[in-house]
Amino acid sequence: MATPKILIIEDEAKIREVLRAYLVREGYTVEDCGDGEKGLKKFHELEPDLLILDLMLPGIPGEKVAAAVRQEGDTPILMLTAKSEEWERLRGFDLGADDYVAKPFSPKEVVARVKAILKRTGKGLPDDRPVIEFPGLAIDPVSREVRVNGAEAQLTATEFDILYELAGQPGRVFRRTQLASLVLGYDHDAYDR
Ligand code: CA
């Protein structure tokens, strides 16, 4: 299976770099671009399996890029928005985006969404992390499902990641900051207890 290709169109260089680093580490082929017009050009060259698209872009705004991409096919789009209300408002315009994350987000959250979308569209990487099983508990990193005595537990993406890290090393004591950097991928000073 070919490595899935991802294009990031985002004008904030720092966000581009962090996302690129995380996605490359996961094994994806990643290209990025800082504005809408060049981004569309790159989209045509690369023919990515998924597009990560910032809504507020210089030049052509994100919603126009999304509309152009949508006219040409069904490449999945993960939208980056400044706030979730913005997404709710824009959803009314039917941009054709598959999912969104509101800023500020953790790179791990974006990676989780990317994996979920690519899995849905049949373009996912094989996840080589094992299912962790204990009596009455199964944690599947591929489907991101947790089953407690056979019933699915509803967890947020971050809760899932914390559980997976803890369950993978039973008996180990983690510092709060260690967990935050393992799960969120960065040092988080104001981490909620
Ligand atoms: Ca922006």
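1. Asp140 stands opposite Glu145 in β8. The model is predicted, so local features require pLDDT of at least 70 and side-chain atom pairs pLDDT 80 or more, while totals for chains, interfaces and linings use all residues. Residues are numbered from 1 along each chain as its sequence is written, and side-chain values rest on heavy atoms, without hydrogens or water.

2. β7 and β8 (residues 145–148) pair in the antiparallel sense over four bridges; pairing requires at least two DSSP bridges between two strands. Strands are DSSP runs of E, at least two residues, and helices runs of H or I, at least four residues, numbered from the N terminus. Four residues separate β7 from β8 in a hairpin, and Arg144 in the turn has a positive phi of about 55°.

3. β7 (residues 137–140) also pairs with β6 (residues 132–134), in the antiparallel sense over three bridges. Phe134 has Leu137 in β7 as its bridge partner. This hairpin has two residues between its strands, and Gly136 in the turn has a positive phi of about 80°.

4. The calcium ion has as protein donors Asp11 (OD), Asp54 (OD) and Met56 (O), at 2.1 to 2.3 Å. Donors are N, O and S atoms within 2.8 Å of the metal (3.2 Å for Na, K and Ca); water is not among the atoms, so sites may look incomplete.

5. The donor spacing in sequence is D-x42-D-x1-M. Asp11, in the loop between β1 (5–9) and α1 (13–25), and Met56, in the loop between β3 (50–54) and α3 (62–72), are 45 residues apart and link distant parts of the chain.
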